[in-house]
Amino acid sequence: LSPHGEDQVTNYLKFGRVQRDTILKELDHVFVDFKESRVLENTYSADEVQKMFEDLRILARSSFSTELRGVTNTVVVMLRSLLIQADKQYVTVDVDASMLDDQKLLEEVA
């Protein structure tokens, strides 16, 4: 990549870190809210504990789903922006989605 391209990647990684921190704070809030609203007694039966864990799993899953959908949408907005810029320059860009699962490439970015 050119120096400008490297800067763009660095900026996106910084943006990603902020997004990740925001998502983790949201997850923390899910657990804190759950604890404050559901863990009110000193002793619970096994059935009550299992029910609480299942409820917590559902809440965490819902929160993660919402946040992951937001991350996906953010990436799509960026991709669309890049493709529009390429189209304006009469450049065809192909996205090799198989690269997105390449652990070696993903580790290079991290």
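User: How do you know that the span of helix α2 agrees with its number of residues?

Analyst: The expected span of a helix is 1.5 Å times one less than its number of residues, so the 43 residues of α2 should span 63 Å, and the 62 Å between its end C-alpha atoms agrees with that. Helices here are DSSP runs of H or I with at least four residues, numbered from the N terminus. Please keep in mind that this is a predicted model, in which local features need pLDDT of at least 70 and side-chain atom pairs count only at pLDDT 80 or more, while totals for chains, interfaces and linings use all residues. Residues are numbered from 1 along each chain as its sequence is written, and side-chain values use heavy atoms, with hydrogens and water left out.

User: Why is α1 called roughly antiparallel to α2?

Analyst: The axes of α1 (residues 3–38) and α2 (residues 46–88) come within 10 Å and cross at roughly 160°. Axes are lines fitted to C-alpha atoms, for helices over the stretch in contact, and angles run from 0 to 180 degrees between N-to-C directions. Angles under 35 degrees count as roughly parallel, over 145 as roughly antiparallel, 65 to 115 as roughly perpendicular and the rest as oblique, and therefore α1 is roughly antiparallel to α2. The crossing is also right-handed, a word used if the near helix is turned clockwise from the far one by less than a right angle.

User: What kinds of residues make up the contact of α1 with α2?

Analyst: They divide into 15 nonpolar, 3 polar and 5 charged, where Ala, Val, Leu, Ile, Met, Phe, Trp, Tyr, Cys and Pro count as nonpolar, Asp, Glu, Lys and Arg as charged, and the others, Gly among them, as polar.

User: Why is Ser 63 called buried?

Analyst: Buried means under 20% relative accessible area, exposed over 50%, and partly exposed in between, with a 1.4 Å probe and protein chains only; the relative accessible area of Ser 63 is 11%, so Ser 63 is buried. This residue of α2 is in contact (heavy atoms within 4.5 Å) with Glu 26 and Val 30, leaving aside neighbours within four places in sequence.

User: What makes Asp 55 count as buried?

Analyst: Asp 55 also lies in helix α2, and its relative accessibility is 15%, so Asp 55 counts as buried. Not counting residues up to four places away in sequence, Asp 55 touches Phe 34 and Arg 38. What covers the buried residues of α2 includes α1.

User: How do you know whether Tyr 90 and Asp 94 are buried or exposed?

Analyst: Tyr 90 has 79% relative accessibility and therefore counts as exposed, and Asp 94, with a relative accessible area of 70%, is exposed as well. Tyr 90 is found in the loop between α2 and α3, where Asp 94 also lies.

User: What is phi of Tyr 90?

Analyst: Phi of Tyr 90 is near 60°, a positive value in a residue other than glycine. Most residues other than glycine have a negative phi.

Definitions and conventions
Helix = DSSP H or I, 4+ residues; strand = E, 2+ residues; numbered from the N terminus.
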